[in-house]
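Please look through the structure below.

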Amino acid sequence: MPAFPASPAMARALDEARAAAARGEVPVGAVVSAGDGHILAAAGNRTLELSDPTAHAEILAIRAACAALGSARLPGTTLHVTLEPCPMCAAAIAAARIAVLVYGASDPKSGGIEQGPRVFAHPQVHHVPEVVSGIGEAEATLLLKDFFRRLRQPEQGSSH
């Protein structure tokens with residue numbers, strides 16, 4: 001697949017991912033934008049901070065966009081996310097009727113779009129967005145690799 005330049009929305013999602021990493025969260029960021037490109041909501045992972053396993057960047061951004069529009073549905077919107085959404089987030093994307101999903105890095109371990117259960121391929125799904133992958137992939141992948149590499153490094157100066 002050819003590399004596409006990151007859009008302003010994906011650049012913002014990457015900023016949200018960096019902020020999540022700075023908080024000690026897995027560096028994933030998400031942005032919901034209107035059809036004209038106006039950003040409605042942006043968020044990064046906050047599962048640890050909020051003690052909430054559903055506080056993924058996508059869920060938080062979808063909740064904030066719905067609140068901003070006063071609607072449980074987000075037709076005509078685009079969700080940019082730095083990592084392939086998990087099955088939970090894929091179900092929320094379908095429920096919100098998001099028109100386009102753009103994501104950066106694939107997630108072979110926990111992805112739910114092109115990896116794993118492929119939520120949008122199930123006949124029970126009520127809505128299937130257009131899916132574009134690989135946007136901002138290199139930077140999103142680097143953020144994730146650096147984050148997990150730092151987690152695995154033993155603390156300097158600690159005795160065993």
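Which residues in helix 4 (residues 87-95) are buried? The model is a predicted one, and in it the buried residues of this helix are C89, A90, A92, I93 and A94. Their cover includes helix 3 (57-69), together with strand 3 (78-83) and strand 4 (100-105). After helix 4 comes R97, which has a positive phi, near 60 degrees.

On the side of helix 1, the contact is made by L14, A17, R18 and A21; helix 5 contributes E139, A140, L143 and F147. Sorted by class, this contact has six nonpolar residues, two charged ones and no polar ones.

Now the chain as a whole. It has five helices and five strands, and from the N terminus on these elements run α-β-β-α-α-β-α-β-β-α. Of the contacts with a separation of 6 or more, 56% join residues 24 or more positions apart.

The overall dimensions come last. The C-alpha atoms fill a box of roughly 55 × 35 × 30 Å along the principal axes. A compact globule of 160 residues would have a radius of gyration near 15 Å, so the 16 Å of this protein chain agrees with that. Buried residues make up 44% of the 160 residues. The chain exposes about 8300 Å², and carbon and sulfur atoms supply 57% of that area.

Key. Residues numbered from 1 in each chain as written. Predicted model: local features only at pLDDT ≥ 70, side-chain atom pairs only at ≥ 80, totals over all residues. Heavy atoms only, no water. Buried < 20%, exposed > 50% of the residue type's maximum accessible area, 1.4 Å probe, protein only. Helix = DSSP H or I, 4+ residues; strand = E, 2+ residues; numbered from the N terminus. Contact = heavy atoms within 4.5 Å. Nonpolar A, V, L, I, M, F, W, Y, C, P; charged D, E, K, R; others polar. Rg over C-alpha atoms; globule rule 2.2 N^0.38 Å. Areas by Shrake-Rupley, 256 points an atom, 1.4 Å probe, with all protein chains shown as cover.
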